[in-house]
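Reader: I would like to go through this model with you, one topic at a time. Could we begin with the term that the discussion of open space will need?

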Amino acid sequence: TRNLQHVNQPDSRGIVPVIHPSPHSSNKGSCIIMSYEIEARKIFLFGIPKTGKSTFASKMKGVYFISTEAGLDFLKVKNKRIKTWEEFKKFLTYLETNIETMKSTKCFVVDTVDRLNTLCYSHVMKSLNIDSPREKNFGKDWKALRLEWESNINRLMMLDKGVLFIGHAKEIEVEVETELIKSTMAGYASSMPGNAKEYILSSVDFAWCADQITITTKDSKGKK
């Protein structure tokens, strides 16, 4: 038994139908990714746990991880552990002024962008001295949150390096309608909040969803 990881493109809603390519077809799934010089690209890669998203990113050349969650100790990569939004902003300032680090880095990997968004949310709510955005504030709290998120994500994007955002996904039911039939099928969507997700999707070159399938093969003796 071997696991094949492949990547599907989300539609305009950020939803990805689960469509497994045949291992014998000309479409070799994740091999398609490697035809790009992905280290220089801006990419959003989301998926369910244990599909190898972080491992995939670690195989890229010149990567520098900006990690917000535990679990990367087994990867031999440069890694900056971020525990607060303030730490993330300070690290951006460091990158903007550190020539040597920028020379040796081709791509920054934010792992995970979901957690980074949570840190941003907590920071803004604390600065406003509230627990959650107020309904009667004419959207000013949400505007402050959106401005803080977008302005600092843009700082990262403007470093003139590749950026790979790694995120979580949730499984959902997707309606599929044709001229002959209307049905539902399993699909994945990023688990990030709407506005934060929309900004990432609008800023990247590619948005990919990682999935995993198991294919059972037989040897020359017919054994699985």
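Author: A pocket here is an open set of grid points with protein on both sides within 12 Å along at least five of seven lines, and its lining residues are those with an atom within 4 Å of a point. The model to which this is applied is a predicted one.

Reader: What is the volume of the largest pocket, and which residues lie nearest its centre?

Author: The volume of the largest pocket comes to about 330 Å³. Its lining is made up of 16 residues. Those that lie nearest the centre of the largest pocket are K50, K53, S54, L72 and D111.

Reader: Which elements give two or more residues to that lining, and which of them gives the most?

Author: Two or more residues of the lining come from each of α1 (53–58) and β7 (162–177). With three residues, the element that gives the most to the lining of the largest pocket is α1.

Reader: How many residues of the lining are nonpolar, how many polar and how many charged?

Author: For this count, Asp, Glu, Lys and Arg are taken as charged, and Gly is placed among the polar residues. Sorted in that way, the lining of the largest pocket holds four charged, five nonpolar and seven polar residues.

Reader: What does S132 touch, and how far are the C-alpha atoms of S132 and Y121 from each other?

Author: S132 also has its place in the loop between α4 and α5, and at 40% relative accessibility S132 counts as partly exposed. Not counting residues up to four places away in sequence, S132 touches Y121 and M125. Although S132 and Y121 are eleven residues apart along the chain, their C-alpha atoms are separated by 8.9 Å.

Reader: Which residues is K170 in contact with, leaving aside its neighbours within four places in sequence?

Author: K170 is found in strand β7 and, at 44% relative accessibility, counts as partly exposed. From C-alpha to C-alpha, K170 and A189 are 5.5 Å apart in space and 19 residues apart in sequence. The contacts of K170, with its neighbours within four places left aside, are G187, Y188, A189, S190 and S191.

Reader: How many aromatic pairs does a search of the whole structure find, and why is the pair of F44 and F46 tilted?

Author: The search finds seven aromatic pairs in the whole structure. The ring centres of F44 and F46 are 5.1 Å apart, and the pair is tilted because their planes stand at 40°. F44 is buried, at a relative accessible area of 0%, and F46 likewise counts as buried, at 1%.

Reader: Why does the pair of F206 and W208 count as stacked?

Author: F206 counts as buried at 13% relative accessibility, and W208 counts as buried at 4%. Their ring centres are 5.3 Å apart. Planes under 30 degrees apart count as stacked, so the pair of F206 and W208 is stacked, with its planes at 15°.

Reader: Which residues form one aromatic cluster?

Author: One cluster of aromatic residues is formed by Y64, F91, Y94 and F108.

Reader: For the chain as a whole, how many helices and strands are there, and what percentage of the residues count as buried?

Author: The secondary structure comes to six helices and nine strands. Among contacts with a separation of 6 or more, residues 24 or more positions apart account for 67%. The chain exposes about 13300 Å², of which carbon and sulfur atoms supply 51%. Of its 224 residues, the percentage that count as buried is 42%.

Terms used
Residues numbered from 1 in each chain as written. Predicted model: local features only at pLDDT ≥ 70, side-chain atom pairs only at ≥ 80, totals over all residues. Heavy atoms only, no water. 1 Å grid on protein atoms, 1.4 Å probe; cavity = no way out; pocket = protein on both sides within 12 Å on 5 of 7 lines; lining within 4 Å. Points joined across faces, edges and corners; volume = space filled by probe spheres on them. Helix = DSSP H or I, 4+ residues; strand = E, 2+ residues; numbered from the N terminus. Phe/Tyr/Trp six-rings, centres within 6.5 Å; stacked < 30°, edge-to-face > 60°. Buried < 20%, exposed > 50% of the residue type's maximum accessible area, 1.4 Å probe, protein only. Contact = heavy atoms within 4.5 Å. Areas by Shrake-Rupley, 256 points an atom, 1.4 Å probe, with all protein chains shown as cover.
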